[in-house]
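Me: Could you walk me through a few of the labels used for this protein? I would like to see what stands behind each one.

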Amino acid sequence: MVAVADVPAAMVNNQFFEEFTEKVRQKPIPWEGYSRAGLISSEELQQLKAFQKQLAEKQEPGTEQQQQSLAGHVGLVVSLTEKLSSIDALQYLLVVLDDVVELDAGAVRELGQGILEGGAVERALFRCMEKRDDYLGLKASKILVGIAVSCSEEQFAFGRMFGFLEKCMRSELTSVVDVALQVVQSALRVARARKVLYAEAPGCLSQMVDVLKRTVSRTQAAAGGRGVVAVSQTQYEVVFCLWLLTFGRSEAVTLDRRYDVVPTLVEIARGAVKEKVVRVIVATWANMAQHAAAIPGLLVARVPACLETLRVGRNFKDEDLKQMVAELSEVLGEHSGVMTSWDEYKNQLKSGRLEWSGWHRSEQFWKMHAAKMDEQDHQIVRQLAKVLGDPESTATSQAVACHDLSQYVKCNPEGKRFVSRIGAKQRVMELMTTSDSAEVKYEALMCVQQMMLNAWRN
């Protein structure tokens with residue numbers, strides 16, 4: 001398994017974001033006016049000036065890091081962030097707070113303690129996410145991740161933050177999507193954040209996968225893409241997050257079944273110019289291949305053929321990547337070998353993702369193999385029924401499952417009793433009326449007709 005890279009706590013590299021940050025630094029804030037208006041006290045004004053002076057000294061090039069810690073000022077900055085309403089003032093306060101997180105470990109510990117105690121730190125930063133200002137919310141997210149990665153994260157509200165970042169990924173502004181992805185990427189260095197994203201924030205992960213799939217859509221690519229930055233960089237950021245998720249066994253086994261990502265990764269790997277994109281895709285597959293339950297999905301998506309294309313058709317400069325491709329090819333080769341059409345069908349069924357292929361439409365295929373579906377206590381029939389009842393199954397998978405059950409009953413009339421006994425017939429009848437897919441409704445109707453026809457004949 002490839003090790004997690006050692007990257008900065010909350011790294012964001014986006015030109016627009018950085019340029020906007022510099023504009024915020026230069027924008028004058030009428031602190032004296034706030035004091036006269038009673039929005040801040042005169043004492044807070046003096047403390048703020050002292051903090052600004054100390055921060056400027058700490059940021060000077062060549063300055064020794066053994067200077068006085070900024071930890072004593074973080075309470076002031078957090079307090080002002082919690083009570084002021086001006087977007088300009090809040091943007092400035094978050095910029096300097098982010099500087100503190102990057103410069104002063106003592107101040108980060110102070111902020112981390114504030115999070116553990118469930119106090120003003122989280123309230124102030126989540127308040128910024130509720131403002132109608134993308135920069136403010138993203139900056140708050142970056143600060144929170146920087147604190148969580150550097151300190152104990154046991155009580156950190158990752159789920160709430162992922163909910164905000166999910167909304168950002170729906171933005172029409174490419175820079176907003178890019179920064180949101182990078183914040184998630186940094187957060188996933190924390191093992192608990194990976195668990196929360198997968199188990200408690202599926203909407204955020206689904207949106208990330210949607211961003212990834214849009215990068216390979218020809219119509220979106222031609223138009224510049226909705227919410228998509230430079231294609232290769234966006235692909236790298238999303239796949240990097242998927243790679244981190246696959247360090248968990250459950251995530252590695254079920255990721256493709258839930259989000260249908262492996263076929264997309266195959267398409268990207270075949271056309272990717274940047275070696276770093278191919279490398280992180282292969283590393284993701286390698287993590288998945290360590291678990292037998294994930295192997296069928298890799299085989300069905302033709303990952304071995306893709307690896308062979310990369311091995312023969314690409315002259316990678318990265319020697320480690322060459323070795324990764326060769327090793328993974330060998331691992332998957334042990335599982336694939338020379339597979340019959342029935343072996344490939346079983347692998348497709350094990351993956352939970354059924355797709356139309358020549359076997360499904362072949363009358364000869366079903367005449368040859370229908371009897372095998374009764375083996376091992378009707379294991380294949382039970383798996384088809386599971387696809388029909390799984391809420392995570394795609395419409396295509398359900399349509400194919402209905403079709404396959406109709407072929408099973410056609411070739412094995414006695415099998416309809418078992419189909420009815422395990423509840424599959426009832427589920428097919430439900431899909432005739434409840435499915436949103438015309439294809440599913442049609443195949444469900446054909447399946448019910450086949451069962452009724454057999455009943456009439458009997």
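Reply: Happy to! Helices (H or I, at least four residues) and strands (E, at least two) are DSSP runs, numbered from the N terminus. With that, R302 is found in the loop between α18 and α19 (303-313). This is a predicted model, where local features need pLDDT of at least 70 and side-chain atom pairs count only at pLDDT 80 or more, while totals for chains, interfaces and linings use all residues. Residues are numbered from 1 along each chain as its sequence is written, and side-chain values use heavy atoms, with hydrogens and water left out.

Me: Why is R302 called partly exposed?

Reply: Buried means under 20% relative accessible area, exposed over 50%, and partly exposed in between (1.4 Å probe, protein chains only). R302 has a relative accessible area of 46%, so it counts as partly exposed.

Me: And what makes D260 partly exposed?

Reply: The relative accessibility of D260 is 23%, so partly exposed is the label here too. D260 sits in the loop between α15 and α16 (262-271).

Me: What is the phi of D260?

Reply: D260 is not a glycine, yet its phi is positive, about 50°. R302, also a residue other than glycine, has a positive phi near 65°. Most residues other than glycine have a negative phi.

Me: How do you know that the lining of the largest cavity has 6 nonpolar residues?

Reply: Lining residues have an atom within 4 Å of a point of the cavity, a set of points on a 1 Å grid over the protein atoms alone where a 1.4 Å probe fits but cannot get out. Ala, Val, Leu, Ile, Met, Phe, Trp, Tyr, Cys and Pro count as nonpolar, Asp, Glu, Lys and Arg as charged, and the others, Gly among them, as polar. The lining includes V253, V262, M288, A293, A294 and L298, and the division is 6 nonpolar, 2 polar and 2 charged.

Conventions. 1 Å grid on protein atoms, 1.4 Å probe; cavity = no way out; pocket = protein on both sides within 12 Å on 5 of 7 lines; lining within 4 Å.
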